[in-house]
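This briefing is for a reader new to the structure. Please look at the sequence and the model first, then read the points below.

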Amino acid sequence: MFFHMILERNMHLHPRHFGRDLRDKLITKLMKDVEGTCNGRHGFIVAITGIESVDKGLVLDGSGYATFPVKYQCVVFRPFKGEIVEAVVSMVNKMGFFAEAGPVQIFISNHLIPDDMELQLGDMPNYSTSDGSVKIQKDCEVRLKIIGTRVDATEIFCIGTIKDDFLGVISDSGQTS
Amino acid sequence: MTEKGGQGFGNSKGGKSAHKSSGHIILGKDNGSAKSKGGRKVQFESEGSGDKVRKGDKIANGSKSSQAKAPSTQECRLERELPENSKFLMDCEAAEILQGIQEQMVMLSEDPNIKLPVSFDSGLMYAKRGSYRTKSLTVGKILQPLKIYGVSDAEICQIANLRAESVEEVFCLIPSLKAKENKIKEPLRIALGELTNLRDALDELAKFNESVAMD
């Protein structure tokens with residue numbers, strides 16, 4: 001799910017940037033340092049939408065760098081347990097399949113795929129029902145529930161299930177919007 | 001670069017310990033390190049539903065008994081994990097914000113220092129899927145009346161993102177609403193109907209525009 005929040009960060013700026021464009025330099029550096037990063041608490045920081053405030057800088061002893069506390073508004077994407085997401089299948093193998101919902105990767109184990117679906121190997125491996133009416137293969141959309149999250153230094157990885165009511169394939173690969 | 005540690009986070013290398021004396025965080029701290037207390041690099045939490053999922057019979061309209069925590073507990077936990085000033089966004093809302101930023105980037109693209117990260121594109125694509133025609137204001141107005149019945153912002157966003165076709169589907173996929181089922185069943189049915197009509201109308205309009213463009 002997406003969130004809009006205000007975060008704060010201490011920005012270190014080299015003395016060569018001190019001058020009339022100091023604020024612009026700070027903001028550019030903030031965008032470069034923060035956008036696209038991920039942490040366990042906030043999730044993926046997708047985009048900075050605005051600067052709330054830039055407080056007074058403090059010159060650090062010995063280095064000459066200055067530290068500026070910057071508050072900024074941003075859009076973050078953070079999955080949480082129990083959330084229902086619609087993801088696009090990226091890979092199918094005998095252990096299950098991987099899907100992507102935005103920047104988050106989700107793994108669905110074969111234990112959490114309905115029992116009436118079996119793996120069909122071939123050029124395009126897929127999980128399908130015996131009559132072939134429902135097929136999970138690369139690029140198709142599935143609705144799944146996140147049942148676990150793992151937080152790494154730079155990404156969030158989730159475990160999901162489609163073994164509940166109203167979960168499963170939404171559209172085939174040819175109809176992905 | 002020194003990062004301010006947030007509540008519940010370990011210190012990053014060379015960083016200062018900055019636990020707030022108030023016991024809670026007033027402003028979210030952007031912490032560059034994801035290491036939690038005790039030096040754990042990875043945490044894995046699971047509801048363990050793999051062991052307890054029923055095999056065989058599924059009732060299409062039935063609600064599954066699940067080991068989910070009490071609804072209010074889950075939502076409280078989510079609100080505790082996020083900074084106080086966090087706002088839940090519907091996917092269509094996020095799509096509008098990110099689309100606006102992308103359009104600005106076209107103008108700023110001459111500056112090589114400003115680049116959009118990969119997660120931006122994937123986030124925008126995810127937010128736009130299926131909802132790129134609906135305006136967040138319209139969806140918000142349709143779902144707003146549910147707030148009178150105690151539906152929270154998080155639940156409203158989840159309902160909007162689900163694109164469910166029936167009330168049973170919503171109650172099954174958002175267990176926290178079960179507690180208010182008696183109160184919100186009818187208003188929810190009306191809201192879902194309005195959302196479906198809106199999407200159908202926009203799809204028809206898009207098809208009409210496409211056919212006009214082709215002529």
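In what order do the three strands of the open sheet in chain A run? The order is E9-E10-E11, and the pairing is antiparallel. The model is a predicted one, in which local features need pLDDT of at least 70, side-chain atom pairs count only at pLDDT 80 or more, and totals for chains, interfaces and linings use all residues. Residues are numbered from 1 along each chain as its sequence is written, chains are lettered from A and ligands numbered from 1 in the order in which they are written, and side-chain values use heavy atoms, with hydrogens and water left out.

**The sheet in chain A**

- Strand E9 (117–120) and strand E11 (135–136) of chain A are the edge strands, each pairing on one side only; two strands pair if DSSP finds at least two bridges between them.
- Two bridges connect strand E10 (residues 126–129) of chain A with E11(A), in the antiparallel sense.
- A:Ser128 has A:Lys135 in E11(A) as its bridge partner.

**Chain B as a whole**

- Chain B has eight helices and three strands; helices (H or I, at least four residues) and strands (E, at least two) are DSSP runs, numbered from the N terminus.
- Along the sequence, the pattern of chain B is β-β-α-α-β-α-α-α-α-α-α.
- Chain B has 215 residues, of which 39% count as buried; buried means under 20% relative accessible area, exposed over 50%, and partly exposed in between (1.4 Å probe, protein chains only).
- Of the contacts in chain B between residues at least 6 apart in sequence, 58% join residues at least 24 apart; a contact means heavy atoms within 4.5 Å.

- Helix H5 (residues 136–143) of chain B has B:Ser136, B:Val139, B:Ile142 and B:Leu143 as buried residues.
- These residues lie on the same side of H5(B), because they cover an arc of only 125° around the axis; the arc is that of the directions from the helix axis to the C-beta atoms.
- B:Leu137 and B:Lys141 are exposed on the other side of H5(B).
- B:Val212 belongs to helix H8 (residues 181–214) of chain B and counts as partly exposed because its relative accessibility is 45%.
- B:Leu205, B:Phe208 and B:Val212 make a nonpolar surface patch of about 300 Å²; patches are made of residues with over 30% relative accessible area and no salt bridge, like charges being joined within 9 Å and nonpolar side chains (Val, Leu, Ile, Met, Phe, Trp, Tyr) within 5 Å.

**Salt bridges**

- Over all chains, the whole structure holds twelve salt bridges, a salt bridge being a side-chain nitrogen of Lys or Arg within 4 Å of a carboxyl oxygen of Asp or Glu.
- A:Lys29 and A:Asp33 form one of them (3.2 Å, N to O), and both lie in helix H1 (residues 22–34) of chain A, four residues apart, about one turn of the helix.
- A:Lys29 is partly exposed at 26% relative accessible area, and A:Asp33 is partly exposed at 24%.
- B:Glu155 and B:Lys180 form another (2.8 Å, N to O).
- This pair links distant parts of the chain, 25 residues apart: B:Glu155 is in helix H6 (residues 153–162) of chain B, and B:Lys180 is in the loop between helix H7 (167–173) and H8 of chain B.
- Both B:Glu155 and B:Lys180 are buried.

Terms used. Areas by Shrake-Rupley, 256 points an atom, 1.4 Å probe, with all protein chains shown as cover.
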